[in-house]
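Here is a briefing on the structure shown below.

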Amino acid sequence: MTKKIAYSAMLVALAMIFSYVEILIPISFGVPGIKLGLANLVVVVGLWLMPAPQVFLILVTRIILVAFMFGSMSSLLYSLAGGILSFGVMLLLKKCKGFSVIGISMAGGVSHNIGQLVIAALVVENLSVFYYFPVLMIAGLVTGMLIGVVGQRVQKRI
């Protein structure tokens, strides 16, 4: 049990470092909400190495801590919505078999953006935020593919 807690804490810390590094990268894509999703690498790899509830706890813990350290309550809301939906979609696809790490990560990237758009629509009480969907879908596919490629390579080395 102690080993499991220590391993989880290490992965939360690693994901937090990835989140912080992402904040430091001065890349602006011109559309709000587009990020590389480096911290999702921990979740993607974790889905193959640990039980799903443990990975979920790592995800939620990281989101809460990063929001309190570097973000705001609104960033917490958006990140939780995107992260939880993304986790659920990736877990479901992993259980279905036939999907690669890269494909699952891409689906996670897109679903994360969908979760954030749903929250944005609820917050502003306007569906016009869904005009961002095509751009966010492409961004989710591209960043999900990058994270999936790295995740696949990490899994081969573990």
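Which residues does Ser 8 touch, not counting residues up to four places away in sequence? Ser 8 touches Gln 54 and Ile 58. The model is predicted.

- Ser 8 sits in helix α1.
- Ser 8 has a relative accessibility of 15%. The cut-off for buried is under 20%, so Ser 8 counts as buried.
- The side chains of Ser 8 and Gln 54 are joined by a polar contact of 2.7 Å.
- Both Ser 8, in α1, and Gln 54, in α3, take part in the meeting of these two helices.

**Helix α1 against helix α3**

- Helix α1 covers residues 2-24, and helix α3 covers residues 52-70.
- Their axes come within 9 Å and cross at roughly 45°. That angle makes α1 oblique to α3.
- The crossing of α1 past α3 is right-handed.
- By class, this contact has 12 nonpolar, 4 polar and 2 charged residues.
- On the α1 side, the residues include Tyr 7, Leu 11, Val 12, Ala 15, Met 16 and Ile 23.
- On the α3 side, they include Ile 58, Leu 65, Val 66, Met 69 and Phe 70.
- Lys 4 of α1 and Arg 62 of α3 are also among the residues that meet.

**Helix α2: how enclosed is it?**

- How many of the 10 residues of α2 are buried? The count is 8 of the 10, so α2 is largely enclosed by the rest of the structure.
- The buried residues are Asn 40, Leu 41, Val 42, Val 43, Val 44, Val 45, Gly 46 and Leu 47.
- The cover over these buried residues includes α1, α3, α4, α5 and α6.

**Helix α2 against helix α6**

- Helix α2 spans residues 40-49. Helix α6 spans residues 133-157.
- The two helices pack at an angle of about 45°, with their axes 9 Å apart. They are therefore oblique to each other.
- Their crossing is right-handed.
- From α2, the contact draws on Asn 40, Leu 41, Val 44, Val 45 and Trp 48.
- From α6, the partners are Ile 147, Val 150, Gly 151, Val 154 and Gln 155.
- These residues divide into 7 nonpolar, 3 polar and no charged.
- Asn 40, Leu 41, Val 44 and Val 45 are among the residues that meet α6, and they are also among the buried residues of α2.

**Helix α5 against helix α6**

- The axes of α5 and α6 come within 6 Å. They cross at roughly 145°.
- α5 passes α6 in a right-handed crossing.
- This contact has 13 nonpolar, 9 polar and no charged residues.

**Ile 84 in helix α4**

- Ile 84 lies in helix α4, which runs over residues 73-96.
- Leaving aside neighbours within four places in sequence, Ile 84 is in contact with Phe 56 and Leu 59.
- Ile 84 and Ile 119 are 35 residues apart in sequence. Their C-alpha atoms are 12 Å apart in space.

**The loop between α4 and α5**

- Phe 99 is found in this loop. Helix α5 itself covers residues 101-124.
- Phe 99 counts as partly exposed, at 43% relative accessibility.
- Not counting residues up to four places away in sequence, Phe 99 touches Leu 93 and Ile 104.
- Phe 99 and Leu 59 are 40 residues apart along the chain, and their C-alpha atoms are separated by 22 Å.
- Lys 97 lies in the loop between α4 and α5. Lys 97 is exposed, with a relative accessible area of 63%.

- Most residues other than glycine have a negative phi.
- Lys 97 has a positive phi, near 65°.
- Glu 125 also has a positive phi, near 55°.
- Where is Glu 125 placed? Glu 125 is in the loop between α5 and α6.
- Glu 125 counts as exposed, at 74% relative accessibility.

Note on methods. Residues numbered from 1 in each chain as written. Predicted model: local features only at pLDDT ≥ 70, side-chain atom pairs only at ≥ 80, totals over all residues. Heavy atoms only, no water. Helix = DSSP H or I, 4+ residues; strand = E, 2+ residues; numbered from the N terminus. Contact = heavy atoms within 4.5 Å. Buried < 20%, exposed > 50% of the residue type's maximum accessible area, 1.4 Å probe, protein only. Axes fitted to C-alpha atoms, helices over the stretch in contact; angles between N-to-C directions. Parallel < 35°, antiparallel > 145°, perpendicular 65-115°, else oblique. Left-handed = near helix turned anticlockwise from the far one by under 90°. Nonpolar A, V, L, I, M, F, W, Y, C, P; charged D, E, K, R; others polar. Polar contact = N/O pair within 3.5 Å; in protein donor to acceptor, adjacent residues only side chain to side chain.
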